Every structure is written in structure tokens, then in C-alpha cells.
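Biologist: I would like to learn how to read a model like this one. Please take me through it step by step.

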Amino acid sequence: MPHFRHSYLGVGASLSLQRLTLLPQPDAATPAVSRVISHEPEIAPVEVQSVARLSRGGRWRTEAMRSYARPVLLWFTRGQGRLTIGGRTCGYGPHNLIFLPPKTMHGFSTMGPALGSLVYLPNDPLFDWPVDALHLRLNDVQRQRELTGMIDAMAREQSSDCSRSNLALYHHAGLLSVWVSRTAAELSEIQAPSPGTRRDTAAHRLA
């Protein structure tokens with residue numbers, strides 16, 4: 001950092017800009033201080049986990065009821081089984097998307113080999129995550145490719161050693177939140193709600 005010399009400071013005196021301290025003057029207005037928010041958290045904002053790898057750890061890794069403090073997205077690309085959301089059970093199959101808001105009790109079982117991903121997402125109010133649980137069947141090939149591509153991009157970023165990887169994952173999650181909101185709005189008009197997410201059933205009232 002260059003030093004600026006001023007004649008009124010005396011011979012040989014120098015003032016370093018790094019050590020300059022501004023003192024408020026009497027009756028002066030308080031200067032506005034901008035608050036900089038960092039989106040580079042210590043913990044990765046997105047974590048991608050394979051369904052097949054999770055299932056190999058034992059049935060308790062998937063079937064035991066659990067909840068997380070952040071949203072979770074499940075994307076099954078192959079296989080089938082039973083899914084329990086908040087005490088209500090329904091079936092799932094290939095190309096099923098399940099979104100679980102924070103603190104949603106859930107578990108799932110697999111009938112034979114199953115492929116897919118679990119994506120743990122940031123619980124950030126800036127993202128437009130659905131308030132209620134979603135269970136969508138993506139029959140359109142284009143939607144299947146879009147979702148798979150976004151999750152694959154997150155997995156690659158997660159395993160890379162690139163700088164500012166957490167920031168990249170954060171923005172990947174933002175794009176995913178927009179995609180989920182749009183897809184849910186479009187499919188709500190043509191697809192009946194899953195029994196595991198409907199609120200007008202006896203099972204929901206009992207749960």
C-alpha cells in the first residue's frame with residue numbers, strides 16, 4: 001500500500017491508509033454502514049448422496065423415520081418401493097420426485113435395486129421452496145433430463161476441489177428452487193396429488 005506524505009505532519013512523517021481511523025465529529029450524522037453478507041458458508045450448502053449407496057448401509061439407513069433441519073429432494077430414476085411422509089404411506093416408482101420441507105418426518109423402503117439421488121438443500125428464505133411436501137411423477141422426458149442434469153452438476157461441483165465451490169453450489173440450489181416451483185405449478189393442474197401428500201384424507205387427519 002503506498003504511503004502519502006503531507007508537509008503538515010512534520011518532516012519524514014507518513015500516514016498509512018491501512019491504519020487510518022476516522023473519528024466521528026460532534027453533531028455529525030452517523031454514517032451508513034453497508035452490511036456485506038457472505039454466501040460462502042463453512043458447511044456445503046448442497047449435499048448429493050446416491051440412493052443405491054445409502055441403501056447398501058442397511059434398511060435402517062432408509063426405512064427408519066427421520067427429519068432434517070433443511071429441505072430434502074429425492075429423485076428416483078429406477079426401482080420402486082414405499083414412501084412414508086408424516087405418517088402417510090404411498091408408493092413410488094421410476095422418475096418420481098419427492099420434495100420434503102424442513103423437519104418433515106419421512107422414510108422409504110426399496111423393493112429390489114433402486115437408483116436415484118438424495119439432495120440436501122439450504123434452508124434459505126431467499127429460495128422459493130414449497131411449503132408442503134411434494135410427490136411428482138415426471139413422465140416428460142425433457143423434465144427428467146433437466147432434473148438429472150442439475151443434480152449431476154451439483155454432484156460434480158461437490159466432488160471438485162475448485163475454489164468457491166460452496167458459492168457455486170449455493171447458486172445451483174437457487175436454480176433448482178426455481179425449477180421445482182415451476183414444475184409443481186404446471187403439474188398441479190394435470191396430476192392428482194399423491195396419497196402421501198394429500199391433506200383431505202383420513203390418514204392425514206390421523207397423522
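Biologist: Is Glu186 buried, exposed or partly exposed?

Modeller: Buried means under 20% relative accessible area, exposed over 50%, and partly exposed in between, with a 1.4 Å probe and protein chains only. Glu186 has 42% relative accessibility, so Glu186 counts as partly exposed. This is a predicted model, where local features need pLDDT of at least 70, side-chain atom pairs count only at pLDDT 80 or more, and totals for chains, interfaces and linings use all residues. Residues are numbered from 1 along each chain as its sequence is written, and side-chain values use heavy atoms, leaving out hydrogens and water.

Biologist: How many salt bridges does a search of the whole structure find?

Modeller: A salt bridge is a side-chain nitrogen of Lys or Arg within 4 Å of a carboxyl oxygen of Asp or Glu. The search finds two. In one, Arg143 meets Glu186 at 2.4 Å, N to O. Arg143 is in helix H3 and Glu186 in helix H4, 43 residues apart. Helices (H or I, at least four residues) and strands (E, at least two) are DSSP runs, numbered from the N terminus.

Biologist: What does Glu47 form a salt bridge with?

Modeller: Its partner is Arg70, with the closest N and O atoms 2.8 Å apart. Glu47 lies in strand S1 and Arg70 in the loop between helix H2 (60-63) and S2, so the pair ties together parts 23 residues apart in sequence.

Biologist: What is the strand order of the open sheet?

Modeller: Strands pair if DSSP finds at least two bridges between them. The five strands run S1-S7-S2-S5-S8, with antiparallel pairing. The edge strands, S1 (47-50) and S8 (134-137), each pair on one side only.
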